[in-house]
Each structure stands twice: as C-alpha cells, then as structure tokens.
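Subject: Structure handover and notes

Dear colleague,

I am passing on the structure we spoke about, followed by a description of what was found in it. Please read the notes with the coordinates open beside them.

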Amino acid sequence: MFHWCTDEVDPHDRFEYWREVRAKGLFGITAELERERRTNFFGEFSLRRLGGAGLVELKASPYAVERSASDIANAPGDAICVYQQLGSGGWFGGMRASDFSIANGSFATSHTDLPYRTAPQGAGGFHLRILKIPVSSIPTQDRRMRELAPRTFNDPTLAPLLAACFADLGEAADDPAAADAPPLVQASLVQALAHLALIERGIVRPGSRRGQAALQTARLSQARRLIARHLQDPHLAPAMVADLLGVSVRHLHMLFETAEKSFSQTVTDERLKQSRRLMREAPERLIADIAASCGFESLATYYRVFNAAYGMAPGDFRARASDGL
C-alpha cells in the first residue's frame, strides 16, 4: 500500500504540492483553493492494488475539484469508478446529467473520462473511498460503460449488496492479514462491484450469467456481514440470516456451497475470531463472559471448540497473547 500525507511538506507549500503532484499528477484532476486558506490545508490518501483494481481512500480539507476535458486528454483513465462517501456529504456537477449530492455512507458510479466538478458539503472536507476498475478488466464489454456520467447509486435492493462487497474490499485494504486473501477472492469482489454498478446503470441484466454471479458474490458477502453483526445471538441460524437477506434458507445454503466454509463453520469461525480479539483487547475480562458475548451456548462448548480449532485452551491463548507470543 502507498500512503502519503501533507505533513511531509512545509505548510506554505502543502496545497501547491497537493495540486500539482498529487491531484494533477496522480489523479488527473485540477484542484483549486483560495490562496488565504492554503496554509491550513491538510490532505492524505492511500492507494492499494486489489483484484486488478485500485482502491483509494482520501481525506482532505475542503477544496474544489474539476476533471476537465484537458485533464482527461492529458491523463485518460478508461475505468469504472465506484465512490463511497465516508464523511459529510459531497456535491457533483458540471455533467450532462443534473447536479446531485451524495450523503454520508452513499455510493456513486461513473466512468473516469467524463468531465465533472465536485466539492465537499460542509466544513468537514473530503473523506471518501474510490475503487477504479479498468474497463479492459471487466468481462462485460459495452460501449455504454464509457458514457457513465457520475450518478448516485439509487437502487434500494442493490445498494446493501454493493455496501457489503465494498466493506469486504475495504477491510482487505485496512487489515494486512485480510490483504493477503487469495487474489481470486479479491478479484471476485472487484468484478461483483463492477457488475453491480453496471446492473444499476442498466448495462448488465440481473438474470444474465455475469449478473447472477455478481449477485451471488455480493449476497455471500452480505450474509457473512450479517453473521458478524449477530454473533452475540445464541439463536443465530440460517433461517434468521436468510430472512434478513431476503432469500430462502435453501438459497442461503447454496451461497455457502460456493465458499470455503459452510454456514455453521462460518458462524463458529467468526465467534472464535471475535473471542480471540476480545481476549487480547480486554485481558481482565472473564473468559466465561467473553464466550457468552460471542454467542457460545455454554462455556464447555466454547472450550471444546476453541481447543479443536487452535490446539490450546482459551486461558493458554490469553497467557501467550499477554506475553507477546
């Protein structure tokens, strides 16, 4: 992962460096900010290659951004972008479509090589993630992909699936252990995100082979995240998750047939991982309390499952963790 911050530059030069080297040189955009506000400017970003795409996370003080025709000519991208707004809202304008705002937690999609202007709404500045997926890497090839002016992701049935895939990919960027996930897993998430965007924009049919594959990958991601969210519930079961996901129990089990672990194995694995995390973070907490908070039906069950998975008792793991082993 490449990470850069304006703290590495003298305060008087920060915005100029950001504008000329980072914004124009790396992202192919024009950045503008009133001269009297430039001394206090702050910006940082990270860039990681995942599954054949580039994932950027950017935080910065408020400033105006334009991707002009000359910017596009000088730095063509030919990629599909999926934006996730993480901070206060943002504004997009200057396209063939009407201007729009994107709220915190919402998504937008576009092709890189269409002009636009954008700026944050409010004093919070920019905080967003951008996934850039080269058009050449997307199995579906359609000239309409290069006509995607920026637009919010409005489909209420697809948005949670997009969010689940994006969250999984974001965790791969944030967690070094997750970033070592098999390349095929990362690539499947990237392709699912690309095709979900194309489904929402009317370019890929949901019932097509690629549309179905994207929906299956996304539903599996969402199912796993629902499991993680309800680990404390000892009654966590396929029927509960299927109902939350809006599919049948049979369909839920079919999703996990394509994964490395079954539904029950995934639940157990997530509960064990959470218990290990809690033992590291709260060494004074009773193991019985940790087991219950992770949804294990009894302390005996927890000890049995933990020992089978890691070859040691929870107390031994805690002792080794406290010793830094």
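A residue counts as buried when its relative accessible area is under 20%, as exposed when that area is over 50%, and as partly exposed in between. Please also keep in mind throughout that this is a predicted model.

With those cut-offs, R210, which is found in helix α6, has a relative accessibility of 33% and therefore counts as partly exposed. Once its neighbours within four places in sequence are left aside, R210 is in contact with P139, T140 and H195. Although R210 and A239 are separated by 29 residues in sequence, their C-alpha atoms lie 27 Å apart in space.

As to the protein overall, its secondary structure comes to 12 helices and 12 strands, and its C-alpha atoms fill a box of roughly 65 × 50 × 30 Å when taken along the principal axes. Of the 325 residues, 47% are buried. Among contacts with a separation of 6 or more, 68% are accounted for by residues 24 or more positions apart.

The sheet comes next. Seven strands form an open sheet, antiparallel in its pairing, in the order β1-β3-β4-β11-β6-β9-β12. Its edge strands, each of which pairs on one side only, are β1 (residues 2-5) and β12 (residues 151-152). Helix α1, which spans residues 14-27, packs on this sheet and touches β1, β3, β4 and β11, while its direction makes about 20° with that of β3.

On one side, β1 and β3 pair in the antiparallel sense over four bridges, and C5 has E44 of β3 as its bridge partner. With β4, strand β3 (residues 43-50) is joined by eight bridges, and these two strands also run antiparallel. Within that pairing, S46 is bridged to E57 of β4, and R49 is bridged to G54 of β4. The two strands form a hairpin with two residues between them, and G51, which sits in the turn, has a positive phi of about 60°. Because six of the eight residues of β3 are buried, this strand is largely enclosed by the rest of the structure.

Turning to the interior, in soluble globular proteins nonpolar side chains tend to be buried together. Here the largest nonpolar core has 34 residues, and those with the most contacts inside it are L131 and L196. At least two residues of this core are supplied by each of β4 (53-60), β6 (79-85), β11 (126-134), α3 (159-174), α5 (183-200) and α6 (209-229), with α5 giving the largest share, nine residues. Leaving aside neighbours within four places in sequence, L196 is in contact with F153, L158, L161, L162, C165, A214, L215 and A218. There is also a second, separate core of 26 residues, which includes F41, V56, Y116 and L128.

Two further helices, α7 (residues 238-245) and α8 (residues 249-257), pack at an angle of about 95° with their axes 9 Å apart, which means that α7 is roughly perpendicular to α8. The residues that make this contact are P238, A239, V241, A242 and L245 of α7 together with V249, L252, H253 and L255 of α8. Classed by type, the contact of α7 with α8 has eight nonpolar residues, one polar residue and no charged residues.

At a relative accessibility of 8%, T266 counts as buried, and, not counting residues up to four places away in sequence, T266 touches R224, I227, F256 and K261.

With best regards

Technical notes. Residues are numbered from 1 along each chain as its sequence is written. This is a predicted model: local features need pLDDT of at least 70, side-chain atom pairs count only at pLDDT 80 or more; totals for chains, interfaces and linings use all residues. Side-chain values use heavy atoms; hydrogens and water are left out. A nonpolar core is a set of buried Ala, Val, Leu, Ile, Met, Phe, Trp, Tyr and Cys residues joined through side-chain atoms within 4.5 Å. Buried means under 20% relative accessible area, exposed over 50%, partly exposed in between (1.4 Å probe, protein chains only). Contact means heavy atoms within 4.5 Å. Two strands pair if DSSP finds at least two bridges between them. Axes are lines fitted to C-alpha atoms, for helices over the stretch in contact, and angles run from 0 to 180 degrees between N-to-C directions. Angles under 35 degrees count as roughly parallel, over 145 as roughly antiparallel, 65 to 115 as roughly perpendicular and the rest as oblique. Ala, Val, Leu, Ile, Met, Phe, Trp, Tyr, Cys and Pro count as nonpolar, Asp, Glu, Lys and Arg as charged, and the others, Gly among them, as polar.
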